[in-house]
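Please keep the sequence and the coordinates at hand while reading.

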Amino acid sequence: MSYRIPDALIGEANAKLVAAHAEDYGALGRRLERSSVDIDAITAKVAAFAVAVPTWGVGTGGTRFARFPGPGEPRGIFDKLEDCATIHQLTRATPTCSPHFPWDKVSDYRELAERAKALGVGFDAVNSNTFQDQPGQKLSYKFGSLSHSEKAVRNRAVAHNLECIEIGEKLGSKALTVWIADGSNFPGQSNLNRVFDWYLESLNAIYARLPDHWRVFLEHKLCEPAFYSTVISDWGTSLMAAEAVGPKALCLVDLGHHAPNVNIEQIVARLIRAGRLAGFHFNDSKYGDDDLDTGSIDPFRLYRVFNELVYASARGAPGFDPAYMLDQSHNVTDPIESLMVSAMEVQRAYAQAFLIDRAALEAAQQANDVMLAHRIFKAGFVADVSPILAEARRRGGGAIDPIAVYRASKYRTHKAKERPAVAGSSSGIV
Ligand code: LRH
Ligand code: MN
C-alpha cells in the first residue's frame with residue numbers, strides 16, 4: 001500500500017495553529033471592513049479558485065547542463081498522480097493536473113482515469129509533444145512539426161495531436177494545448193511566410209477533429225529551442241492563428257515566453273478584449289524561459305496580471321473563461337513544496353486583486369490623478385492576505401501551513417522507500 005498523508009495529521013497541525021490564525025483572520029477582516037470589503041466573500045472566491053499542476057513538474061527538472069534528481073522521484077504518471085493528490089490534499093488549490101504525451105503514456109487509460117479519481121485528481125488540458133522525436137521515429141521533427149516543409153511530417157504531427165485528443169477524452173479533459181518548437185536558427189533557413197501557412201493547414205486539420213465543448217490552446221513563445229525565428233513567437237501571431245481556424249481556438253499565455261520587460265498584463269487585456277484568452281502557464285523568470293517558481297521573482301507582475309483577470313470577471317467580459325495552470329521546472333527544490341507554494345502565490349495575487357477599490361480607481365484614472373490612481377491600484381499588492389489563503393485551505397480541509405505538514409509527514413522519505421531510484425529516469429524535458 002503506498003503511503004498517503006493521514007488527514008488526521010492535518011487536523012492535529014491545524015489545531016495547534018488555529019487560535020493564532022483566527023486572531024490574524026479577525027484582524028484582517030476588521031481592517032477590510034473599514035474599506036467595506038467583506039473578507040469572507042474573498043475567502044469564498046479563493047476557496048473556489050483552482051490552478052492545475054503540470055505532471056512534468058512533479059519530478060525534479062534540470063537544464064541542458066545537468067539534472068540532480070532527488071529521493072522518491074516519480075517513476076511515471078501513477079507516481080506523479082500521487083504527488084499531485086498530495087499537493088491538493090494540503091493546499092485544496094489544485095484539483096486537476098495537466099498531462100503531457102507521450103511522457104505520460106500508459107497502455108490502459110481507463111485504469112489511469114480510475115486511479116486519478118480514487119486520488120481525487122482530475123485532468124485539465126492535455127499537452128501534445130511534437131518537439132522531441134520518439135525512439136525509432138522516421139519522420140523527424142528536427143526541422144519542425146506542424147509547420148514542417150514535408151507534408152508527411154506535418155501529417156505525423158497532426159496525427160499525434162489527434163491521438164492526444166482521444167486520450168484526453170478518455171481522461172475527461174476538455175482542452176488540448178499545442179506548443180511547437182518550430183523555427184529556425186539562421187536567416188534564410190526557412191520561409192517565414194510559408195511555415196505559417198503550413199502551420200495553419202495543420203491546425204485546421206486538428207481543429208476539424210476537436211470534439212464539441214473542447215478548446216485548443218495555442219501557446220506562443222519568443223524563442224528556444226529555435227534562436228533566429230519561432231513560428232508562433234508572440235501573442236499577435238497566436239491570435240492570427242486562432243482567428244484563422246475558429247472560435248474554439250484560444251491563446252495561452254506562458255509568463256516565461258516573452259522578451260524581458262514585455263508588458264504581459266497588457267497582452268492579457270488585449271486577448272481578453274478579443275475573447276481569445278485561453279489561460280495561463282504560470283511561472284516566473286528573470287532572463288529567459290527560466291521556468292522559476294511563480295511569484296518568486298516578480299510577484300508584482302503576477303498581481304498586475306490578476307488585476308486584469310479580476311477586472312474582466314467583474315465586468316463580465318464576453319467569452320472570459322481562462323484555464324489556470326502552472327508550468328515550472330524545479331531544479332533545486334522539492335517539486336511538491338515548490339508547486340504548493342506556487343499554487344498559493346497564484347491564489348495570493350488573485351485575492352489581492354479583489355482589494356482594489358475599482359470605483360475610486362476609475363475616478364482617479366478619469367481625473368488623471370496619477371499618484372492617487374497608482375496608490376489605489378497598489379493597495380491590494382501591499383496587503384498581506386495570508387490569513388485569507390490559510391482560511392480558504394482550512395475550510396476546504398487542507399492545512400493552515402502545508403509545508404509544515406508535508407515535512408512533518410516525511411512523505412518524501414516514505415516515497416524514497418517505495419520508489420527505488422531508476423537510473424536515467426527523467427521528469428520529462430530533461
Ligand atoms: C515550452 C513549454 C510548453 C510545454 C513545455 C514543457 O517551453 O512551456 O508549455 O509543453 O514547456
Ligand atoms: Mn508552457
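## Conventions and the open sheet

Two strands are taken to pair if DSSP finds at least two bridges between them. Strands (E, at least two residues) and helices (H or I, at least four residues) are DSSP runs, numbered from the N terminus. The model is predicted: local features need pLDDT of at least 70, side-chain atom pairs count only at pLDDT 80 or more, and totals for chains, interfaces and linings use all residues. Residues are numbered from 1 along each chain as its sequence is written, chains are lettered from A and ligands numbered from 1 in the order in which they are written, and side-chain values use heavy atoms, with hydrogens and water left out.

On this basis, 3 strands form an open sheet with parallel pairing, in the order β1-β2-β3. Its edge strands, each pairing on one side only, are β1 (53-54) and β3 (122-123). Between β1 and strand β2 (residues 96-98) there are 2 bridges in the parallel sense, and V53 stands opposite C97 in β2. In general, the strands of a sheet pair through backbone hydrogen bonds, either parallel or antiparallel.

E219 and H281 are both buried, where buried means under 20% relative accessible area, exposed over 50%, and partly exposed in between (1.4 Å probe, protein chains only).

The ideal angles for six octahedral donors are 90 or 180 degrees.

## Surroundings of strand β7

Strand β5 (residues 175-178) pairs with β7 in the parallel sense over 4 bridges, and V178 stands opposite L218 in β7. A further 4 bridges join β7 to strand β9 (residues 249-254), also running parallel; in β9, C251 is the bridge partner of L218.

## Cysteines

How many disulfides are counted? The count comes to 0, a disulfide being a pair of cysteine sulfur atoms within 2.5 Å. The sulfur of C97 is too far for a bond because its closest cysteine sulfur, in C84, is 4.7 Å away. C97 has a relative accessible area of 0% and is therefore buried.

For C223, the closest cysteine sulfur is that of C251, at 19 Å, which is too far for a bond. C223 counts as partly exposed, at 30% relative accessibility.

## Backbone exceptions

Most residues other than glycine have a negative phi, and most peptide bonds are trans. Against this background, a cis peptide bond joins F101 and P102, with omega about 15°; P102 lies in the loop between β2 and α4 (109-119). The bond from E224 to P225 is likewise cis, with omega near 10°, and P225 is found in the loop between β7 and β8 (229-230).

E224, although not a glycine, has a positive phi of about 70° and is partly exposed at 37% relative accessible area. S36 is another non-glycine residue with a positive phi, of about 50°. The loop that holds S36 lies between α1 (7-33) and α2 (39-48), and S36 is exposed because its relative accessible area is 70%.

## The buried arginine R419

R419 is found in the segment after α15 (411-418). Is R419 buried or exposed? At 2% relative accessibility, R419 counts as buried.

The side chain of R419 reaches the backbone oxygen of D79 at 3.2 Å. Leaving aside neighbours within four places in sequence, R419 is in contact (heavy atoms within 4.5 Å) with residues including G72, E73, P74, R75, D79 and E82.

Note on methods: A polar contact is a pair of N or O atoms within 3.5 Å; within protein, one must be able to donate a hydrogen and the other to accept it, and residues adjacent in sequence count only if both atoms are side-chain atoms.
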